[in-house]
Amino acid sequence: MTEEEGRLCTASLDPPVTKESLNELELNKIVNDARLRHDLNFEHEIMFRPNTLGTRGANKKHEEDLYFEALANELDRYIRHGANPPSPPSRPRTCPATTNRKSHNPATTPRRVPRMIAAIREVVKTLVPAAKWQTVDDQFDVELRMQELESGICDMARLIEWLGELLLCSCSPMRDSMVMAMVTKTREAISAQDAQRLVNAIKDLFGVLETMKLV
């Protein structure tokens, strides 16, 4: 097994930012934290931010790097090969993250892309009014988007542009530049058929979503 295949086996199937990972920021948990309530009352400039310090922060970054490298590998198939993504090598695998005992068909192999789409959908719904939830569900319909990707007809640039417009209507004006930069990077990455650049744009998207929840 190559080093790249090893990363696919050990990398998380879920993105670093999910609805569950942001649960600790729910209002009821903040209200029940006496120390935090005190800080909020007397430190008006307090801001939330991800914990990137110490061993825990280093481990988190390592896990995120592995995840995004594995994600880039998956996205590359769709970006460069469109409707005909190459099948995995036919030799036997022992990694459950990349092997399906019944078939090596990519369509039946567990992947990060559909789980990423679902994660973005669920996080976005925590940031926008309930009246927008059905539209978000429709835009981030996992089954539909995966069918489009596998058929080579998914307009990812248009999807991200729509999401950018939604976020601009929902976030603080101070985040506008972050959102617009993310949309531009996504459009340029897709135009260049560059999976790594697309993953960098996706990192920015998760950063925007996390910041909107944290701050």
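This section describes the helices, helix packing, salt bridges and selected residues of a predicted model.

The chain contains ten helices and zero strands. Read from one end of the sequence to the other, the pattern of elements is α-α-α-α-α-α-α-α-α-α. Of the 215 residues of the chain, 38% count as buried. Contacts between residues at least 6 apart in sequence were also examined, and 66% of them join residues at least 24 apart.

Two packing arrangements involve helix 10. In one, helix 8 (residues 156-170) packs with helix 10 (residues 195-214) at an angle of about 20°, and the two axes are 12 Å apart. Because angles under 35 degrees count as roughly parallel, helix 8 is described as roughly parallel to helix 10. The crossing in which helix 8 passes helix 10 is left-handed. On the side of helix 8, the contact is made by Met156, Ile160, Leu163, Leu167 and Ser170, while helix 10 contributes Leu198, Leu205, Val208, Leu209 and Met212. By residue class, the contact of helix 8 with helix 10 comprises nine nonpolar residues, one polar residue and no charged residues.

In the other arrangement, helix 9 (residues 176-191) packs with helix 10 at an angle of about 160°, with axes 8 Å apart. Angles over 145 degrees count as roughly antiparallel, and helix 9 and helix 10 are therefore roughly antiparallel to each other. Here too the crossing is described by its hand: helix 9 passes helix 10 in a left-handed crossing. The residues that make the contact are Met178, Val179, Met182, Lys185, Thr186, Glu188, Ala189 and Ile190 from helix 9, together with Arg197, Leu198, Asn200, Ala201, Asp204, Leu205, Val208 and Thr211 from helix 10. The residues of the contact of helix 9 with helix 10 divide into nine nonpolar, three polar and four charged. Leu198, Leu205 and Val208 of helix 10 are listed in the contact with helix 8, and Leu198, Leu205 and Val208 are listed in the contact with helix 9.

Attention now turns to charged side chains. Side chains of opposite charge can pair when their charged atoms come close. In this model the count comes to ten salt bridges. One of the pairs joins arginine 115 to aspartate 14, with the closest N and O atoms 2.9 Å apart. Arginine 115 has a relative accessibility of 36% and counts as partly exposed. Aspartate 14, at 33%, likewise counts as partly exposed.

A further salt bridge is formed between glutamate 74 and arginine 112, where the closest N and O atoms are 2.9 Å apart. This pair links distant parts of the chain, with glutamate 74 in helix 4 (residues 54-81) and arginine 112 in the loop between helix 4 and helix 5, 38 residues apart. Glutamate 74 counts as buried because its relative accessibility is 4%, a value under the 20% limit for burial. Arginine 112 also counts as buried, with a relative accessibility of 0%. The side chains of glutamate 122 and arginine 121 meet in another salt bridge, with an N to O distance of 2.7 Å. Glutamate 122 has a relative accessibility of 22% and therefore counts as partly exposed.

Two individual residues complete the description. Threonine 18 is placed in the loop between helix 1 (3-10) and helix 2 (27-31). At 12% relative accessibility, this threonine counts as buried. When residues up to four places away in sequence are not counted, threonine 18 touches Ala119 and Val123.

Tyrosine 78 lies in helix 4, and its relative accessibility of 6% places it among residues that count as buried. Apart from neighbours within four places in sequence, tyrosine 78 is in contact with Arg111, Val113, Met146, Leu149 and Glu150. Tyrosine 78 and glutamate 148 are 70 residues apart along the chain, and their C-alpha atoms are separated by 10.0 Å.

Terms used. Residues are numbered from 1 along each chain as its sequence is written. This is a predicted model: local features need pLDDT of at least 70, side-chain atom pairs count only at pLDDT 80 or more; totals for chains, interfaces and linings use all residues. Side-chain values use heavy atoms; hydrogens and water are left out. Helices (H or I, at least four residues) and strands (E, at least two) are DSSP runs, numbered from the N terminus. Buried means under 20% relative accessible area, exposed over 50%, partly exposed in between (1.4 Å probe, protein chains only). Contact means heavy atoms within 4.5 Å. Axes are lines fitted to C-alpha atoms, for helices over the stretch in contact, and angles run from 0 to 180 degrees between N-to-C directions. Angles under 35 degrees count as roughly parallel, over 145 as roughly antiparallel, 65 to 115 as roughly perpendicular and the rest as oblique. A crossing is left-handed if the near helix is turned anticlockwise from the far one by less than a right angle, and right-handed if clockwise. Ala, Val, Leu, Ile, Met, Phe, Trp, Tyr, Cys and Pro count as nonpolar, Asp, Glu, Lys and Arg as charged, and the others, Gly among them, as polar. A salt bridge is a side-chain nitrogen of Lys or Arg within 4 Å of a carboxyl oxygen of Asp or Glu.
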